[in-house]
Amino acid sequence: MHPNRASARLCVLLRHLRCRSAGTVVAHHTSGVGSLASFHPQQFQYTRENNVLSLENRKFYEKNGFLVIKNLVSDADIQRFRNEFERICREEVKPFGLSVMRDVTITKSEYVPSEKLVSKVQDFQEDEELFRYCTLPEILKYVECFTGPNIMAMHTMLINKPPDSGKKTSRHPLHQDLHYFPFRPSNSIVCAWTAMEHIDRNNGCLVVLPGTHKGSLQPHDYPQWEGGVNIMFHGIQDYDKNNARVHLVMEKGDTVFFHPLLIHGSGRNKSQGFRKAISCHFADANCHYIDVEGTSQENIAKEIVNMASKMYGLNDITMKDVWTFRGRVVKGERINL
Ligand SMILES: CCCC(=O)SCCNC(=O)CCNC(=O)[C@H](O)C(C)(C)COP(=O)(O)OP(=O)(O)OC[C@H]1O[C@@H](n2cnc3c(N)ncnc32)[C@H](O)[C@@H]1OP(=O)(O)O
Ligand SMILES: Nc1ncnc2c1ncn2[C@@H]1O[C@H](COP(=O)(O)OP(=O)(O)OP(=O)(O)O)[C@@H](O)[C@H]1O
Ligand SMILES: O=C(O)CCC(=O)C(=O)O
Ligand SMILES: [Fe+2]
Ligand SMILES: [Mg+2]
């Protein structure tokens, strides 16, 4: 799309969304505890009752901040996501709003449209084929246990972790996703991350620090890595090195649901293949925006807002605008976000 047309479209959209949200009554969900939770002997804080999670599942998530569901997404769906990703890389389609990221070691190399030069695509909310992931009933069924029935898909990514160039830039530093999000409460946000192939320590699996979702949001910044760091890959500067690290070995279709405060990252890809995963962050539509000015999130907010302003040639964009623009309702109604 021509950049002027794109920014004109964005202006109209933002005006519309600002009007809409101005008239909305703010109704906060104060806790993640569902109405039937009181029938259980223990109180749950991070999950809601809806007859999908077994008691064992719920206890696991409450304690650890993540839950892996095996074989949740079909091979046929994953093949469709792969096909569409390849079409995007070959520039056969250019979904509105989508960002294509290359590894930091090759950002200055000549641009050839190829899957081998793309490390991730982000914000595919306007790509019907990839966005199907965020609407799959088998995914939403689980998401609802964390968000409740009004569900927004807030942030979408397909990660194509490249074989490491030798500079270790394929790592993703340990971080909490909440660092990027100007909405709360955190217990009403969940990430779904689906392995698109077998993923283990060799090709750079997810690494999680179980139980860290019970802590608070930590300050994040670029790690001091000799070989360079990818843009916006902030990490926690000093996390508890004694905390157990768990490497999540996953098969194609396996899906992990995790809390936005859970500290996680991913290791180097030592294989020759491009390790693929697709993910979406969902939130309860009742969540509310917060002002991150003066908080530890200010550094990333500045980067995100600058990037969006550059992308659309607009200079009065706010963090709330960026996230309002990215968000899509996938179940129930759009409320505050
Ligand atoms: C839990 C969620 C975590 C999240 O990630 S939340 C969302 C935050 N991230 C985003 O929104 C990323 C959105 N995308 C972008 O910022 C841009 O698309 C992106 C990746 C910079 C590419 O920009 P383009 O304009 O398409 O490409 P370009 O090649 O002209 O680059 C613009 C400037 O950025 C630099 N760059 C691109 N990819 C990089 C990388 N991987 N690491 C470090 N720097 C990188 C590039 O060198 C260029 O810099 P300069 O202008 O020449 O100084
Ligand atoms: N020394 C370190 N300091 C800070 N973060 C690290 C360090 N080493 C690894 N990490 C981060 O921890 C996570 C997992 O690392 P992991 O040890 O699994 O991968 P790796 O170091 O790339 O590979 P491996 O240890 O299997 O050779 C990643 O997010 C990585 O960025
Ligand atoms: O797939 C990965 O390597 C993890 C990415 C991640 O945690 C993120 O982008 O927030
Ligand atoms: Fe993350
Ligand atoms: Mg290591």
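Which polar side-chain atom lies 3.0 Å from a nitrogen atom of ligand 1? It belongs to Asn-230. The views below come from a predicted model.

View 1. On its own, ligand 1 has 1,000 Å² of accessible area, and the protein covers 68% of that.

**View 2. The shell around ligand 1.** Ligand 1 is surrounded by 19 residues. The closest are Arg-102, Lys-108, Gln-122, Ile-231 and Arg-326. By class, the shell holds seven nonpolar, six polar and six charged residues. Strand S2 (99–101) and strand S3 (120–122) are the elements that give two or more residues. S2 gives the most, with three.

**View 3. The iron site.** The iron ion is ligand 4. Its protein donors are His-175 through NE2, Asp-177 through OD and His-264 through NE2. These donors lie 2.1 to 2.2 Å from the iron ion. In sequence, the donor residues follow the spacing H-x1-D-x86-H.

View 4. His-175 sits in strand S5 (residues 172–175) and His-264 in strand S13 (residues 264–266), so the pair ties together parts 89 residues apart in sequence. Both His-175 and His-264 are buried.

Definitions and conventions: Residues numbered from 1 in each chain as written. Chains lettered and ligands numbered in written order. Predicted model: local features only at pLDDT ≥ 70, side-chain atom pairs only at ≥ 80, totals over all residues. Heavy atoms only, no water. Donors = N, O, S within 2.8 Å, 3.2 Å for Na, K, Ca; no water. Helix = DSSP H or I, 4+ residues; strand = E, 2+ residues; numbered from the N terminus. Buried < 20%, exposed > 50% of the residue type's maximum accessible area, 1.4 Å probe, protein only. Near = heavy atom within 4 Å. Polar contact = N/O pair within 3.5 Å; in protein donor to acceptor, adjacent residues only side chain to side chain. Areas by Shrake-Rupley, 256 points an atom, 1.4 Å probe, with all protein chains shown as cover. Nonpolar A, V, L, I, M, F, W, Y, C, P; charged D, E, K, R; others polar.
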